[in-house]
Amino acid sequence: MPHIDNDVKLDFKDVLLRPKRSTLKSRSEVDLTRSFSFRNSKQMYTGIPIIAANMDTVGTFEMAQVLCKFSLFTAVHKHYSLEQWKEFASQNPDCLEHLAASSGTGSADFEQLEQILDAIPQVNYICLDVANGYSEHFVEFVKDVRKRFPEHTIMAGNVVTGEMVEELILSGADIIKVGIGPGLEALVEVNQDSWVPVSFEVGHWDLLEGLGHPCSLFIVLLTLQDGGCNCPGDVAKAFGAGADFVMLGGMLAGHSESGGELIKRDGKKYKLFYGMSSEMAMKKYAGGVAEYRASEGKTVEVPFKGDVEHTIRDILGGIRSTCTYVGAAKLKELSRRTTFIRVTQQVNPIFSDKS
């Protein structure tokens, strides 16, 4: 008989943060910058730990140009050519410390990763991304990349359980991407926010103290179709639940700097947003969905939002506001100051915008 976990799993919409006494006089007093030391690469990171997802509709060079101005990070999608990387690097040298080069696990992916990192040594971060981080092939690939690039910081995933967090860290990863979204036909469907505190408890305390280093990190993968962050409050909740970094997909889609086709219909503008295992992405890059697999993502039309700078300011302002309500002067204090309250409704449906 299959095992059934009957414990209740909560999503962002199911919780609010309990306010606490605060000495802060203004949101401007909140420091959102974090500094981390990575276990395997020995590198130091300083910045605001929000990352644009490595999707071709989000992790673009245009997105990186804006995010780096705010000390935010971009996991650049893997479909740029070496020539495009070189051109961007020559024109935007100050952005390179806030970028990761992304790769799948194929031999062609590895070869292109080598070419990019050899040509542009200022890029010190690698994003290894697969839909299923539980395969032995992926673990071995992480080991191979670590051996080839011993001083680069590697983020790898996606996984949702403590034992795989441990295995990927021991295989050479520094940042673990946590969260497997409910693909349209995937068998593994995990509520992502419910895994944040679980992974935090296992990863940061039991596991990482045993590994002898307190700063191996994990990242929460939050995208629109995965039931992830839909508003700045969700980002704050992810940090409050224990994530060191938060990766955003859907919230950064639909902007001028986002990839995806711009569509005009009935006087309104939209941009396409799709997962990288969706039918749309596989048709674009592989000629279609292979006969042995199914689409594990969907394509949506996101209303055009204009410049992403406005969304970034909303997100950062929302996090600062949350910190003031719980008395966290610094972002690193937010998880220690967070108490979640379970609720049945957050949004007032009477005066909501239904347009």
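**Helix packing and a cavity lining**

Tutor: Two elements, strand β6 (99-103) and helix α3, each supply at least two residues of the lining of the largest cavity. This is a predicted model, where local features need pLDDT of at least 70, side-chain atom pairs count only at pLDDT 80 or more, and totals for chains, interfaces and linings use all residues. Residues are numbered from 1 along each chain as its sequence is written, and side-chain values use heavy atoms, with hydrogens and water left out.

Student: What makes a residue part of the lining, and which residues line the largest cavity?

Tutor: A lining residue has an atom within 4 Å of a cavity point, a cavity being a set of points on a 1 Å grid over the protein atoms alone where a 1.4 Å probe fits but cannot get out. Here they are K78, S102, S103, D109, Q112, L113 and I116. Helix α3 gives the largest share, 4 residues. By class, the lining has 2 nonpolar, 3 polar and 2 charged residues (Ala, Val, Leu, Ile, Met, Phe, Trp, Tyr, Cys and Pro are nonpolar, Asp, Glu, Lys and Arg charged, the others, Gly among them, polar).

Student: How many cavities of 30 Å³ or more are there?

Tutor: The count is 1, and the largest cavity has a volume of about 40 Å³, taken as the space filled by probe spheres set on the points.

Student: Now the helices: why is α2 called roughly parallel to α3?

Tutor: Helix α2 (residues 82-91) packs on helix α3 (residues 107-119) at an angle of about 25 degrees, and the axes are 10 Å apart. Angles under 35 degrees count as roughly parallel, over 145 as roughly antiparallel, 65 to 115 as roughly perpendicular and the rest as oblique, so α2 is roughly parallel to α3. From α2, L82, W85 and K86 meet Q115, I116 and A119 of α3 (contact means heavy atoms within 4.5 Å). I116 of α3 takes part in this contact and also lines the largest cavity.

Student: How do you know the orientation of α4 relative to α5?

Tutor: The axes of α4 (residues 136-148) and α5 (residues 162-171) cross at roughly 30 degrees and come within 8 Å, which means that α4 is roughly parallel to α5. F138, V139, V142, K143 and R146 of α4 touch M164, E167, L168 and S171 of α5, a contact with 5 nonpolar, 1 polar and 3 charged residues.

How values were computed. Axes are lines fitted to C-alpha atoms, for helices over the stretch in contact, and angles run from 0 to 180 degrees between N-to-C directions. On a 1 Å grid over the protein atoms alone, a cavity is a set of points where a 1.4 Å probe fits but cannot get out, and a pocket is an open set with protein on both sides within 12 Å along at least five of seven lines; lining residues have an atom within 4 Å of a point.
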